Structures are given as C-alpha cells and as structure tokens.
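Have the sequence and the 3D view open side by side, and let's take a walk through this fold.

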Amino acid sequence: MIRVLIVEDDLFWQDQLRHELSEEPDIDVLAAVSGKEEALQFIQQHSTDVVLMDINLTANNLDGIEATRMIVRLMSERTKVIMLTSLHQSDIIIDSFRNGAINYITKSNYGNLVAAIREADQGKASIHADVADAVRTELKISILTPMEREVYQMKAQGYNKSQIAEKLFKSVNTIKTQLKSIRDKLR
C-alpha cells in the first residue's frame with residue numbers, strides 16, 4: 001500500500017484528489033492538509049511514502065517549495081515529493097527539483113498522477129512532459145557563466161543586442177561577443 005499525504009490549500013482540490021486516489025486499490029490517502037507546518041508535523045508522526053505538494057499554500061509565497069526542502073531533509077529522501085500545481089514558470093519548476101521534488105505535474109494533467117505516484121514509490125520517477133522542456137533548457141544553459149546566462153535570458157525575452165547592451169551597461173561589441181560564445185557553447 002502506497003501511503004500518500006496531500007498538501008493543498010484549495011478544498012476543491014483536496015476533495016477531488018482524495019476521491020480520485022481513494023479509488024485506487026494500492027493507494028492509501030493518509031490525510032489532506034492545507035499548510036506547510038501541518039505537513040511537516042504530519043510527516044514526522046506518520047510514515048508516508050509520497051507527498052503531493054501544492055506550491056502556493058498561502059497567497060503567492062511558494063511555500064510548498066520550502067516545505068518540500070524541509071520534508072526531504074527530515075526524511076532523508078525516504079518520502080518522495082511530487083509537485084502538483086497550476087504554475088508553469090521554468091524558474092519555479094527548476095527550484096522545485098533543486099529542493100527535492102522528484103516530479104512536477106500541473107493540475108491540468110492531474111490524470112497522470114496515479115502513475116506518477118506508483119513510479120515515485122518504486123523509485124522510478126520520470127519527469128512529466130509538462131516540465132521536460134524547462135528541465136532540458138536548464139541543463140543546457142547550466143554551462144553558461146552568470147553574465148552569459150543573463151544575456152541569454154534577455155535575448156530569449158526578445159531584447160536585441162543594443163537593448164541588452166544598454167540595460168547591462170556594456171558595449172554592443174561585448175554583447176555580440178557574448179552571444180557568439182553562448183551559441184558556441186550551446187551547439
């Protein structure tokens with residue numbers, strides 16, 4: 001039996017997840033809590049295999065990421081955390097993985113959750129298609145220096161060489177050189 005804790009502040013999603021998961025013969029929803037402190041207390045008192053973690057538990061604080069980091073530290077990776085959220089931003093996705101999440105599924109694809117829970121429990125967590133591009137991009141650009149990364153991100157946001165040079169207080173020739181270096185590294 002896979003023991004699951006739901007950490008979700010939205011009562012609709014708590015009920016929906018509880019209902020859907022309770023129909024699975026190999027999944028036992030131990031509890032649904034709405035906040036970081038409740039989750040940490042529960043984890044310390046109950047043996048839990050998988051935590052389904054929302055990211056924004058109070059307003060827009062991204063406290064689900066902090067809770068994930070704390071759970072992974074407390075449980076030394078024995079408990080697996082799957083992020084379940086409506087957020088799609090690459091930096092939030094990457095930060096979730098850096099803090100110990102083993103998968104990240106958007107609520108629009110929660111139908112894939114049962115398979116993700118089973119994979120996590122078996123230690124075979126794959127990265128959901130929702131976030132694969134963000135992870136691949138992060139891995140690809142991780143070889144860039146901090147300055148190259150800043151130039152890369154500005155270029156990706158649609159800034160031209162002159163605009164980047166102006167914003168970073170550099171010459172256009174310096175930006176051209178950095179863009180060439182970036183292209184060479186990312187080939």
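## Ground rules

Helices here are DSSP runs of H or I with at least four residues, strands are runs of E with at least two, and both are numbered from the N terminus. What you're looking at is a predicted model, so local features need pLDDT of at least 70 and side-chain atom pairs count only at pLDDT 80 or more, while totals for chains, interfaces and linings use all residues. Residues are numbered from 1 along each chain as its sequence is written, and side-chain values use heavy atoms, with hydrogens and water left out.

## The largest pocket

A pocket is an open set of points on a 1 Å grid over the protein atoms alone, with protein on both sides within 12 Å along at least five of seven lines; lining residues have an atom within 4 Å of a point. The largest one has a volume of about 180 Å³, where volume means the space filled by probe spheres set on the points, which are joined across faces, edges and corners.

Which helices each supply at least two residues of its lining? They're helix 4 (90–98), helix 6 and helix 7 (146–156). The lining includes Ser-90, Asp-91, Thr-137 and Gln-153. Sorted by class, it has three nonpolar, three polar and four charged residues. Ala, Val, Leu, Ile, Met, Phe, Trp, Tyr, Cys and Pro count as nonpolar, Asp, Glu, Lys and Arg as charged, and the others, Gly among them, as polar.

## Zooming in on Glu-138

Glu-138, another lining residue, sits in helix 6 (residues 129–141). Buried or exposed? Its relative accessible area is 16%, so Glu-138 is buried (buried is under 20%, exposed over 50%, partly exposed in between, with a 1.4 Å probe and protein chains only). Apart from neighbours within four places in sequence, Glu-138 is in contact (heavy atoms within 4.5 Å) with Ile-94, Arg-98 and Arg-149.

## Helix 4 meets helix 6

The axes of helix 4 and helix 6 come within 9 Å and cross at roughly 80°. That makes the two helices roughly perpendicular, a label for angles of 65 to 115 degrees. Their contact has six nonpolar, one polar and two charged residues. Among them are Phe-97 in helix 4 and Val-131 in helix 6.

## Two loop residues

Leu-62, in the loop between strand 3 (50–53) and helix 3 (63–75), has a positive phi near 55° without being a glycine. Leu-62 is partly exposed at 32% relative accessible area.

Phe-169 isn't a glycine either, and its phi is positive, about 55°. This residue lies in the loop between helix 8 (161–168) and helix 9 (172–186). With 78% relative accessibility, Phe-169 counts as exposed.

Technical notes:
On a 1 Å grid over the protein atoms alone, a cavity is a set of points where a 1.4 Å probe fits but cannot get out, and a pocket is an open set with protein on both sides within 12 Å along at least five of seven lines; lining residues have an atom within 4 Å of a point. Axes are lines fitted to C-alpha atoms, for helices over the stretch in contact, and angles run from 0 to 180 degrees between N-to-C directions. Angles under 35 degrees count as roughly parallel, over 145 as roughly antiparallel, 65 to 115 as roughly perpendicular and the rest as oblique.
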